[in-house]
Amino acid sequence: EPTAANKTSSRSHAILQVTVEQSERTAHIEGTVKYGKLSLIDLAGSERASKTENTGLRLKEGANINRSLLALGNCINALADG
């Protein structure tokens with residue numbers, strides 16, 4: 001359900017991570033293996049509570065979404081460092 005701040009908000013997050021491994025046909029004898037990882041991240045938008053006009057449970061839900069954005073951002077930073 002959208003908020004007053006964004007009429008089309010889905011209020012969800014999504015992560016798609018693709019890992020690729022490349023090796024020569026003779027890699028089992030002698031060769032190198034290359035690895036790559038691509039992460040695509042779609043985040044729900046952070047909304048200021050005052051602009052959403054939400055109260056009660058919807059206000060609490062918005063606070064939880066903003067908290068999860070912070071946690072997800074920490075995870076993304078950890079993945080980028082690792």
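The protein averages a pLDDT of 78, and 77% of the residues score at least 70; pLDDT is the predictor's confidence in each residue, from 0 to 100. This is a predicted model, in which local features need pLDDT of at least 70, side-chain atom pairs count only at pLDDT 80 or more, and totals for chains, interfaces and linings use all residues. Residues are numbered from 1 along each chain as its sequence is written, and side-chain values use heavy atoms, with hydrogens and water left out.

Strand β1 has the highest mean pLDDT, 90. Helix α1, residues 49–52, has the lowest, 71. Helices (H or I, at least four residues) and strands (E, at least two) are DSSP runs, numbered from the N terminus.

L16, V18, V20, L38 and L40 make a nonpolar patch of about 430 Å². Two elements each give two or more residues to this patch: β1 (14–23) and β2 (33–42). The largest share, 3 residues, comes from β1. Nonpolar side chains (Val, Leu, Ile, Met, Phe, Trp, Tyr) are joined within 5 Å, like charges within 9 Å. Areas come from the Shrake-Rupley method with a 1.4 Å probe; for residues, only the protein chains shown count as cover.

L40 sits in strand β2. Its relative accessible area is 45%, so L40 is partly exposed. Buried means under 20%, exposed over 50%, partly exposed in between.

E21 belongs to strand β1. E21 counts as exposed because its relative accessibility is 53%. E21 touches V33, K34 and Y35, leaving aside residues up to four places away in sequence; contact means heavy atoms within 4.5 Å. The C-alpha atoms of E21 and K37 are 8.9 Å apart, with the two residues 16 apart along the chain.

Definitions and conventions:
Patches are made of residues with over 30% relative accessible area and no salt bridge: like charges are joined within 9 Å, nonpolar side chains (Val, Leu, Ile, Met, Phe, Trp, Tyr) within 5 Å. A salt bridge is a side-chain nitrogen of Lys or Arg within 4 Å of a carboxyl oxygen of Asp or Glu. Buried means under 20% relative accessible area, exposed over 50%, partly exposed in between (1.4 Å probe, protein chains only).
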